[in-house]
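Below is a short report on one structure, written for a reader who has not seen it before. It starts with the domains and then turns to the helices.

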Amino acid sequence: MHYGAFESQLSSLLEKAVASSLTSLGIHPLTRLSDIKPEIDSPKERTHGDISTNVAMKACGTAGKDPLYFANLIKDNLEKALAASHLKNAIERIETRSPGFINFFLTKDYLYSGLLEIIRRKHNFGRNAIGGGIKVNLEFVSANPTGPLTIAHGRQAAVGDSLANILEFLGYRILREYYINDEGVQIDILANSIKFRYLELFGVNQKFPDDGYKGSYISEIASAFKNKYERKFIDTKDLKVFREFGLNRILQDIKKDLKDFGVKFDIWYSQRTLRKSGKVEKTIQFLKRKGRIYQKDDAVWFESTAFGDDKDRVVLKSDDTTTYLAPDIAYHLDKYRRGFKRLVDIWGPDHHGYIPRMKAAVKALGYPQDSFSALIVQLATLYRAGRVVSMSTRAGEFVTLRELMAEVGKDVARFCFLSRRLSSHLDFDLDVIKKESSENPVYYIQYAHARIWSILEHSKKAHYSARFDSKLLREEEELDILRILRRFPQAVSISGKTQEPNIILQYLQDLAAAFHSFYTKRRVLTDSVHLTKSRLVLVDCVRIVLANGLGLLGISLPKKM
RNA sequence: GCGCCCGUAGCUCAGUUGGAUAGAGCAUUUGCCUUCUAAGCAAAGGGCCGCCCGUUCGAAUCGGGCCGGGCGCGCCA
């Protein structure tokens with residue numbers, strides 16, 4: 001029996017046992033188990049068993065009994081049902097504990113059977129079909145192409161990429177998309193800033209454009225521009241050539257940074273292309289036909305308050321240009337039209353106020369509100385030597401993702417970004433991270449992988465041909481590993497459900513800890529070929545799960561450290 | 001003023017839909033390398049889980065009210 005089946009069978013057995021317990025008390029069991037939402041999970045404390053449930057305490061109100069008494073009643077019924085079930089060989093014993101917990105202890109045989117499942121499924125171990133092949137569009141980073149990616153984008157990139165991996169693993173069909181804001185005021189400012197620096201190179205003095213981008217990367221772009229065109233555009237009034245040149249270069253850098261950070265995108269979606277297709281006007285017309293567009297103060301408004309927003313929003317300004325919202329609605333409509341059933345956007349905290357209007361737009365377009373969700377990833381506040389580093393693309397003060405990678409490396413950076421909840425503000429002290437980098441927790445997990453690899457390398461020379469006998473694995477350290485291995489599929493699905501990659505990371509730390517502890521106390525390569533063979537299988541399973549988990553997080557798997 | 005997020009060990013943070021004795025890393029202290037990698041292991045110290053009420057068998061977790069920090073409230077993007 002594989003891991004997933006176990007949980008569902010246990011839960012249906014429990015449901016029956018609760019029902020018959022209620023019946024025996026003369027209460028008609030109207031309450032279904034799913035209504036009282038009992039928890040079936042692994043307790044923290046080993047002495048509380050491998051699996052624990054609070055169902056007796058949840059249901060004791062209905063039973064009108066003391067929770068512990070009711071727990072014992074359920075236990076008796078459960079034991080009877082168990083005798084006739086497949087789970088008979090998986091559960092060693094059942095215990096009740098005050099104030100009303102029912103604890104299950106798994107048999108060694110069941111724990112051993114997990115190894116076979118891991119060996120059989122390998123890189124697919126933990127994979128699951130709960131996503132049902134639903135098409136999901138995941139849009140993330142989508143930073144304006146007006147400057148290099150910063151640390152804030154780095155966090156969003158790491159989160160989006162891992163989330164995409166995790167959801168794919170859970171059976172969703174994920175498309176990773178980057179929305180390029182390649183038109184509008186910001187882009188013109190970019191072009192102006194480049195032009196200024198270009199002219200400056202020829203000694204032409206002008207006033208630096210208001211709101212111009214002050215970062216040094218603008219000068220670099222201007223130099224490259226000069227190398228290519230020399231004096232050709234020194235008198236031009238047209239910004240177009242500067243704009244295209246700058247846009248291309250910045251976008252190229254962004255793509256390279258993301259690639260080096262291990263982040264993959266399937267689609268780069270240009271806002272300009274969207275507009276040229278006429279979809280923006282069509283979307284406004286579409287909303288108009290639905291009666292949600294009106295004219296006021298020379299502007300055109302979207303009646304978003306009809307769908308839960310706190311005020312209506314302008315889509316066409318009085319000068320006839322669109323606001324940012326208009327193409328954005330069109331863009332999301334386009335995603336639906338491309339066949340996605342769910343849209344997930346990852347935004348920074350400065351956009352949280354934008355969620356109600358986007359949700360309103362989705363509803364107005366006629367799609368279920370829940371089909372769209374925006375995840376807010378909190379900022380990473382950067383410190384250097386204990387002092388806040390202020391970040392502003394405009395002022396040219398920022399630490400780029402590239403600099404971060406150069407200073408601490410891809411794996412450490414990704415680990416730091418993923419080890420916190422999305423909603424957690426993240427303090428990031430570069431000096432501390434660099435100082436600690438040899439002690440960084442990411443190495444703890446990677447080191448376990450490297451150690452296993454080393455064992456496997458040694459074992460090859462010895463040609464262990466014995467048969468794998470899992471019964472030889474009976475040390476506490478070995479059983480601990482087995483218990484933790486068993487939890488991996490669950491960790492992945494919780495991580496997908498809650499959309500928190502850090503759950504997997506936490507899990508991997510537990511697994512690595514159990515392995516390191518085992519490694520220090522027991523030897524894998526021993527004089528007994530049978531024991532050696534069995535332990536080789538065990539550590540190989542640890543390796544597989546570490547690889548699967550780190551793979552989802554986009555962290556590399558060193559064979560040597 | 002309104003909205004969103006946060007407040008847990010000296011520091012940075014975990015804590016799955018409320019569960020049993022609140023955890024990890026760093027820092028401090030003490031042991032452990034003749035055997036598969038010491039980037040490791042074993043152990044110690046360190047906490048009114050911001051404060052106050054409430055909900056219930058049971059609260060770091062849920063609700064209300066304060067206090068403190070971050071961000072957002074445009075015909076900007």
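## Domains and helices

Chain A divides into domain 1 (3–106) and domain 2 (112–130 + 440–553), with bounds from an automatic or database domain assignment. The C-alpha centres of domain 1 and domain 2 lie 30 Å apart. Four residues from domain 1 and six residues from domain 2 form the contact (C-beta atoms, placed from the backbone, within 7 Å).

This is a predicted model, where local features need pLDDT of at least 70, side-chain atom pairs count only at pLDDT 80 or more, and totals for chains, interfaces and linings use all residues. Residues are numbered from 1 along each chain as its sequence is written, while chains are lettered from A and ligands numbered from 1 in the order in which they are written.

Helices are DSSP runs (H or I, at least four residues), numbered from the N terminus. Helix α20 (residues 502–521) has 20 residues and spans 29 Å from first C-alpha to last, close to the 28 Å expected (1.5 Å times one less than the number of residues). Its buried residues (20 or more other C-beta atoms within 10 Å of their own) include Ile-503, Tyr-507 and Phe-518. The buried residues of α20 pack against these helices:

| Helix | Residues |
|---|---|
| α15 | 410–418 |
| α17 | 441–462 |
| α18 | 476–486 |
| α19 | 488–498 |
| α21 | 529–553 |

The axes of α6 (residues 151–169) and α15 come within 9 Å and cross at roughly 80 degrees, which means that α6 is roughly perpendicular to α15 (65 to 115 degrees). Axes are lines fitted to C-alpha atoms, over the stretch in contact for helices. Residues of α6, including Gly-154 and Arg-155, meet Ala-413, Arg-414, Phe-417 and Leu-418 in α15.

Terms used:
Helix = DSSP H or I, 4+ residues; strand = E, 2+ residues; numbered from the N terminus. Buried ≥ 20, exposed ≤ 12 C-beta atoms within 10 Å, placed from the backbone. Contact = placed C-beta atoms within 7 Å. Axes fitted to C-alpha atoms, helices over the stretch in contact; angles between N-to-C directions. Parallel < 35°, antiparallel > 145°, perpendicular 65-115°, else oblique.
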